[in-house]
Amino acid sequence: PSNDLPSNNTLRGTQNEFINSWRVDPECERIDVTTKNTYTQTQIEQATSACSPIMNDVSFKVCHQNVEPSQAFEACKKTMLDCIGDKARCQCEALEMYDTKCYHVGTFLNWRNTTQLCPVECPNGEVYQHCSTSCARTCQDRDQDATCDNKCIRG
């Protein structure tokens, strides 16, 4: 934008010019953000495979009519391509993003229990339920309020 001030107080026209105007040492390599993210065919195939559940798995398809999946699929692939480190963690976070969008429009996916992806570890033999009630009576709260809002919550 026009209010971005480079190091020498002269506005630059392109993103690359702006970035490179901040170089302190002229010997440092110039940055070219237009060629920064080049991926191998193998990386693209791996990212596509990791994100394919959004488009192909029955657990995710139940949401397709409420949340268009192609944008989430492309965002997932970008996440996987840019992921540094734990690819499984990146995949789970990317799939969770689509799950969350579905949750907000009232579609509850049960993908963690129907796929082998991203299992949730629960303590003391408890079992993860994608859609639970917040109104369940417990030993500590036997007199659960009858007006409790019994909507789906994760956990």
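The model is predicted, so I keep to pLDDT of at least 70 for local features and 80 or more for side-chain atom pairs, while totals for chains, interfaces and linings use all residues. Residues are numbered from 1 along each chain as its sequence is written, and side-chain values use heavy atoms, with hydrogens and water left out.

Next I listed the elements. The chain has 6 helices and 2 strands, in the order α-α-α-α-α-α-β-β from the N terminus. These are DSSP runs numbered from the N terminus: helices are H or I of at least four residues, strands E of at least two.

I checked the length of H5 (residues 87-104). Its 18 residues should span 26 Å at 1.5 Å a residue, and the end C-alpha atoms are 26 Å apart, which agrees. The expected span is 1.5 Å times one less than the number of residues.

Which residues of H5 are buried? I found Cys90, Gln91, Cys92, Ala94, Leu95, Glu96, Tyr98, Asp99 and Cys102. Buried means under 20% relative accessible area, exposed over 50%, partly exposed in between (1.4 Å probe, protein chains only). Their cover includes helices H2 (41-56), H3 (58-61), H4 (69-82) and H6 (111-114); contact means heavy atoms within 4.5 Å. Just after H5, Gly106 takes a positive phi of about 90°.

I then turned to H2. Its 16 residues should span 22 Å at 1.5 Å a residue, and the end C-alpha atoms are 21 Å apart, which agrees. H2 bends by about 40° at Ala50, and Pro53 follows within four residues. The bend is the angle between axes fitted to the seven residues ending at a residue and the seven starting there. Ala47, Ala50, Cys51, Pro53 and Ile54 are buried in H2, with H3, H4 and H5 among what covers them.

I also looked up Cys118, in the loop between H6 and strand E1 (132-133). Cys118 has a positive phi of about 50° although it is not a glycine. Is Cys118 buried or exposed? Cys118 counts as buried because its relative accessibility is 8%.

Last, I noted that 26% of the chain's 155 residues count as buried.
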